[in-house]
Amino acid sequence: MTKLLRIDASARTSRSLTRALADSFTLGWHERRPEDEIILRDVGRNPPPIVTENWIAAAFAKERTPDQEQLLALSDELIAEVASADIIVMATPMYNYGMPAALKAWFDQVVRVDKTFTFDLARGDAPLEPVFWGKTLILLTSFGEFGFAPGGPNEGRDSLTPHVRTASRYLGVEAFHHVGIEYQEFGDERFEASHKAAFAALAPLVDTLVNALAPRPAPDAAEALAGL
Ligand SMILES: Cc1cc2nc3c(=O)[nH]c(=O)nc-3n(C[C@H](O)[C@H](O)[C@H](O)COP(=O)(O)O)c2cc1C
């Protein structure tokens with residue numbers, strides 16, 4: 001069984017484009033693989049607390065007091081969800097050119113020393129190493145503006161996608177897919193086209209990922225089948 005972790009970061013609970021993209025992706029997945037578990041983590045509705053000085057002290061403590069254990073309880077729960085997931089579906093709007101504060105709070109709770117990464121100066125100038133590996137991230141976004149790619153009018157202003165990509169290394173992400181809608185604030189035909197293209201991209205993405213999971217016959221089994 002494959003496990004998916006769906007994270008919703010939009011503060012909007014109705015009319016949210018990113019939630020609609022995530023609904024479509026997970027529905028498509030469920031149709032193909034009903035046996036798979038989908039864990040839901042809605043940080044848009046229930047934002048995790050931002051980390052504090054006491055939280056950091058607890059995270060780095062070698063031996064923890066019961067209060068410190070309590071302070072890290074949500075972090076432990078969120079990390080367990082990431083640990084168990086093969087595929088992370090992260091649905092997030094762009095807010096002020098970056099990720100919503102709720103999603104940043106989630107990353108800060110999850111990326112934790114000796115849980116999701118180890119730190120060792122014996123590794124020289126690259127002392128951090130992720131604990132998890134082999135996960136796939138599907139990033140589903142919506143932007144009010146447009147043209148954040150090279151050559152576009154907003155080139156260099158997208159601090160959401162590269163940030164998620166960089167930080168997701170510490171979730172154990174090795175494969176990254178991005179589907180996004182642009183032009184939401186314009187609501188014109190360019191928005192309609194972008195909206196249509198994003199939803200149309202989801203079914204082929206589900207197909208690609210599901211097909212990659214399907215067990216392939218071993219070479220000798222394939223030969224035996226060919227000989228039938
Ligand atoms: C607080 C806030 C800040 C936003 N900042 C930006 C921004 O910097 N750039 C942009 O292109 N769109 C921005 N938008 C537009 C959203 O990215 C867009 O409405 C998106 O569709 C929201 O996702 P949702 O539909 O899932 O709620 C902002 C929207 C809000 C509510």
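1. A residue is called buried if 20 or more other C-beta atoms lie within 10 Å of its own, exposed if 12 or fewer do, and partly exposed in between, with C-beta atoms placed from the backbone. By this rule Asn96 is exposed, because 9 other C-beta atoms lie within 10 Å of its own. This note concerns a predicted model, in which local features need pLDDT of at least 70, side-chain atom pairs count only at pLDDT 80 or more, and totals for chains, interfaces and linings use all residues. Residues are numbered from 1 along each chain as its sequence is written.

2. Overall composition. The protein has 8 helices and 7 strands; helices (H or I, at least four residues) and strands (E, at least two) are DSSP runs, numbered from the N terminus. Its C-alpha trace spans about 60 × 55 × 35 Å along the principal axes. Of the 228 residues in the protein, 32% are buried. Two residues are in contact if their C-beta atoms, placed from the backbone, lie within 7 Å. Among contacts between residues at least 6 apart in sequence, 76% join residues at least 24 apart.

3. UniProt, in an unreviewed entry, places the feature "domain: Flavodoxin-like fold" at residues 3-201. UniProt positions are given in the numbering used here, feature names are shortened, and annotations may be inferred rather than shown by experiment. Over residues 3-201 the chain is 37% helix and 21% strand, and the end C-alpha atoms are 21 Å apart.

4. The nonpolar core. A nonpolar core is a set of buried Ala, Val, Leu, Ile, Met, Phe, Trp, Tyr and Cys residues joined through C-beta atoms within 7 Å. The largest such core has 42 residues, and those with the most contacts inside it are Phe25, Ile88, Val89, Met90 and Leu140. At least two residues of this core come from each of strand S1 (3-8), H1, helix H4 (73-84), strand S3 (87-93), helix H5 (101-110), strand S6 (135-142), strand S7 (173-181) and helix H7 (189-213). Leaving aside neighbours within four places in sequence, Val89 is in contact with Leu4, Arg6, Ala22, Phe25, Thr26, Ile138 and Leu140.

5. Helix H1. This helix has 16 residues and reaches 23 Å from its first C-alpha to its last, close to the 22 Å expected at 1.5 Å a residue. The expected span of a helix is 1.5 Å times one less than its number of residues. The buried residues in H1 are Leu17, Thr18, Arg19, Leu21, Ala22, Phe25, Thr26 and Trp29. Against which elements do the buried residues of H1 pack? They pack against S1, strand S2 (37-42), S3, S6, S7 and H7.

6. The ligand shell. A residue is near a molecule or strand if its C-beta atom, placed from the backbone, lies within 6 Å of it. The ligand is surrounded by 17 residues, the closest being Thr18, Pro93, Ser142, Gly144 and Glu145. The largest share of this shell, 3 residues, comes from helix H1 (residues 17-32). By class, the shell has 6 nonpolar, 7 polar and 4 charged residues. Here Ala, Val, Leu, Ile, Met, Phe, Trp, Tyr, Cys and Pro count as nonpolar, Asp, Glu, Lys and Arg as charged, and the others, Gly among them, as polar.

7. UniProt lists Ser10 under "binding site" in an unreviewed entry. Ser10 is found in the loop between S1 and H1. Is Ser10 buried or exposed? Ser10 counts as buried because it has 24 C-beta neighbours inside 10 Å. Not counting residues up to four places away in sequence, Ser10 touches Ser16, Thr18, Arg19, Gly44, Ala91 and Pro93.

8. Two glutamates. Glu185 lies in the loop between S7 and H7, and is exposed because 11 other C-beta atoms lie within 10 Å. Residues up to four places away in sequence aside, Glu185 touches Gly144 and Glu145. Glu69 is found in helix H3 (residues 66-71), and is exposed because 12 other C-beta atoms lie within 10 Å. The C-alpha atoms of Glu69 and Ala58, 11 residues apart along the chain, are separated by 7.4 Å.

9. Backbone angles to check. Most residues other than glycine have a negative phi. Asn96, in the loop between S3 and H5, has a positive phi of about 50° although it is not a glycine. Tyr97 is also placed in the loop between S3 and H5, and its phi is near 70°, a positive value in a residue other than glycine. Tyr97 is partly exposed, because 15 other C-beta atoms lie within 10 Å.
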